[in-house]
Amino acid sequence: MSKWHLHTLVWLSLLIAIFLSVQQKVNWAQYEEIIWFGIYLSFFIEICACVKKPFFIFSFSVFSFGLILDILDSFLLDMSPLFNLLDTPIKHVGLILLCYCLLKIAKSRLNKIKQLHSEINQRIKLEKELRFLAYHDELTGLFNRRAFFEHYELKQFNQAFLYYFDLNNFKHANDKYGHNIGDEILVLFSSSLNTLYPNDSAYRLGGDEFVLITDIAIEDMSVFKTLLDKPLLKYMVSVSVGCHQIQEDDDPDHALHLADQHMYLDKEEHRNSFIVKLLD
Ligand SMILES: Nc1nc2c(ncn2[C@@H]2O[C@H](COP(=O)(O)OP(=O)(O)OP(=O)(O)O)[C@@H](O)[C@H]2O)c(=O)[nH]1
């Protein structure tokens, strides 16, 4: 039976009750009680349709039973004294059960909301982490290759320089000191870049290759390289750098290629000077 059938049944029964009581010449207060009872039952039907908890429905039924006895005793004055005695306690027991039930429902809803809240927070955190990993290199924390290409497409370059870095002798350091030290070298180099150019974008393209985009033209390249080399020399690693001033119509691959070519020139030159530096 749908709830609309129940509503209809309740109000039809109450209309019949009112019709019957007209012939018994009842007073206005008694009609009022019948109407309030109808409203109450309709409310009961609506709540039962939403809260499908057996204990809640039982509590509501106990309360309703007490209420019916209460209404009946004002109609049937010659009703058994036992009913007269029981209506109020039954009503109160029903009300206490109802309050207890509502408290339990409210508590469980609150727990569910808290649980949902923490799940949402976890998801937001996870999304942030995923977004970070998508655009950053896990080891050094610098932007990654994907970020380089996306940032490059978004940027408007007025006067910008692309510096391409490649570590020298890194493979040897990896083989000699192990991969952990190799990782440490990469992190050391990244920190140097970040320290020297805190407001610019540094990227790790992969392996031991890095890129920096900055508005600043490095005037004394040998001083710059000495600063970058300093923390790496104890592992016999150094840095080669190539620079390209970005032109308006340069696409990222072209700009990278030109800076890379300059870097290779530096690398060729560097190999010999590096050995001299180590021997100093
Ligand atoms: N420890 C470590 N090694 C890496 C990582 N990524 C790449 N490598 C290693 O880096 C090395 C890069 O090789 P190369 O570029 O030939 O090294 P190189 O000795 O500097 O050679 P040149 O550039 O010619 O001077 C390879 O041995 C890779 O295995 C990393 O994340 N951590």
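Predicted model: local features only at pLDDT ≥ 70, side-chain atom pairs only at ≥ 80, totals over all residues.
Select the 15 residues around the ligand, and then pick out Phe 170, Lys 171, His 179, Gly 182 and Gly 207, which come nearest. Colouring this shell by residue class separates four nonpolar, seven polar and four charged residues.

Next, show the whole chain as a cartoon, where nine helices and four strands can be traced. Followed from the N terminus, the elements run α-α-α-α-α-β-α-α-β-β-α-β-α. Of the 280 residues in the protein, 21% are buried, and among contacts between residues at least 6 apart in sequence, 65% join residues at least 24 apart.

Now select the largest nonpolar core, a set of 34 residues in which Tyr 164, Phe 189, Phe 210 and Val 211 have the most contacts. The elements that give two or more residues to this core include helix 5 (145-154), strand 1 (161-168), helix 7 (179-196) and helix 9 (252-279). Strand 1 gives the most, with five residues.

Finally, centre the view on Phe 189 and hide its neighbours within four places in sequence: the residues left in contact with Phe 189 are Leu 167, Phe 210, Leu 228, Leu 232 and Val 239. Among these partners, Phe 210 is itself one of the core residues with the most contacts inside the core.

Technical notes. Residues numbered from 1 in each chain as written. Core = buried A, V, L, I, M, F, W, Y, C linked by C-beta atoms within 7 Å. Buried ≥ 20, exposed ≤ 12 C-beta atoms within 10 Å, placed from the backbone. Contact = placed C-beta atoms within 7 Å. Near = placed C-beta within 6 Å. Nonpolar A, V, L, I, M, F, W, Y, C, P; charged D, E, K, R; others polar.
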